[in-house]
Amino acid sequence: MTHPDFESLVGAHSAEIFAYLWRMVRDEADAQDCLQEAFLRAYRAYDRLDGRAQHRAWLYRIATNVALTHLKRRGREAARRVPLVPNLPDAQLSAGEAAIRRETLAAVAAAVERLPEQQRAALILRKYQALSYAEIADTLGCSAEAARANVYQAIKKLRNELGEE
Amino acid sequence: MKKTNDELMEVSRWLGDAPGAPSRDGVLSALDALYRGFPAPEHTRAAQAKLRRALSGERARGVRYDSITGTPLGRVFFAATTAGLVSVAFGQSERAFRDHLRAALGVEAARASGQLRRIGQQLREYLAGRRTRFDLPLDLRALPDFQRRVLLAALEVPRGQVTTYGEIAHRIGRPSAARAVGQALGHNPMPIVIPCHRVVASDGSLRGYSGGGGPRTKAWLLALEGASDK
């Protein structure tokens with residue numbers, strides 16, 4: 001029966017949620033806006049949550065909704081922006097190889113953007129936020145089996161799209 | 001078929017669902033390159049600072065206060081955010097109540113024009129013995145964790161009964177914290193509504209009271225509620 005004050009939730013989870021949003025929206029400034037929006041929503045709803053222990057999954061759920069809404073709006077607004085691809089200094093790659101590598105990364109990033117929302121979120125939650133399938137289920141409002149299926153389908157779809165069958 | 005199974009195993013290893021190190025195929029290693037990194041620490045700190053500013057703005061939004069007069073306890077002040085009640089006080093001036101809100105919430109509260117009527121009405125009915133329980137949303141977000149738990153436990157003590165500081169400490173899973181419970185209740189931001197008057201010392205003495213008038217008010221409230229005198 002723990003019920004931390006809201007400030008300690010911010011202290012405990014904001015960095016992790018920020019990293020998640022950063023991965024989901026792939027833009028520094030957009031991730032900041034989403035973080036603010038997610039925690040403001042959480043703050044406004046917080047008192048209705050008395051007695052609940054699942055604050056982390058709850059914050060992930062709100063953050064997921066904020067990120068997906070944001071991606072929809074962004075997708076509608078702008079001509080789709082070039083996906084953010086990290087600059088990877090790699091001494092072992094020639095200039096030509098590096099260019100090919102960048103193209104591959106851009107293609108994968110674009111394919112991830114085309115994944116169904118739940119699959120995209122499930123994949124990032126599992127692999128990069130290290131959530132268990134039970135926690136992903138809490139976050140996405142589905143069963144643990146469905147959470148697991150979403151992750152595997154995401155990878156299958158990416159491999160199909162990128163001709164890696 | 002064999003190939004499909006191998007691929008599945010590969011993905012399971014990559015996800016950490018199966019033991020063993022994955023060999024790194026194209027898509028999986030590209031995903032890692034894209035997503036495994038973290039935002040730079042200074043960017044995370046900047047995002048958190050921006051978030052904290054937004055939250056303190058949100059906290060200050062819409063704090064209103066009002067008062068009722070002519071109750072057995074005199075003038076009773078109360079304040080609420082858009083989420084619920086944050087403060088009740090009596091036996092003090094309007095200026096002192098505003099000072100108190102500024103210190104507790106960090107906001108300059110505005111005087112309400114009618115929005116808080118329901119709170120005033122319930123307090124008036126309660127103090128006149130015409131109401132047995134409050135039906136009001138409470139906003140406890142600004143309070144520290146421990147105090148919040150103590151106050152929520154005090155809220156569970158039924159009308160007409162009393163309990164002890166030690167019992168509350170026990171209920172929140174901190175059996176040795178009776179003294180800290182006493183202090184948390186001593187700073188009850190909304191006496192009467194959160195019934196800290198129903199919590200007494202283990203020898204049955206009333207001990208202190210957070211509201212105006214001290215133990216005399218506590219005894220009066222218990223009598224109003226028909227608590228058996230132990």
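Colleague: Where does B:Pro19 sit?

Modeller: B:Pro19 is in the loop between helix H1 (2-15) and helix H2 (26-35) of chain B; helices here are DSSP runs of H or I with at least four residues, strands are runs of E with at least two, and both are numbered from the N terminus. Mind you, this is a predicted model, where local features need pLDDT of at least 70 and side-chain atom pairs pLDDT 80 or more, while totals for chains, interfaces and linings use all residues. Residues are numbered from 1 along each chain as its sequence is written, and chains are lettered from A in the order in which they are written.

Colleague: What makes up chain B as a whole?

Modeller: Chain B has 9 helices and 6 strands, and 33% of its 230 residues are buried.

Colleague: What makes up the contact with chain A?

Modeller: Chain A puts in 40 residues and chain B 36; two residues are in contact if their C-beta atoms, placed from the backbone, lie within 7 Å. On the side of chain A that touches chain B, H1(A) gives the most, with 9 residues.

Conventions: A residue is buried if 20 or more other C-beta atoms lie within 10 Å of its own, exposed if 12 or fewer, and partly exposed in between; C-beta atoms are placed from the backbone.
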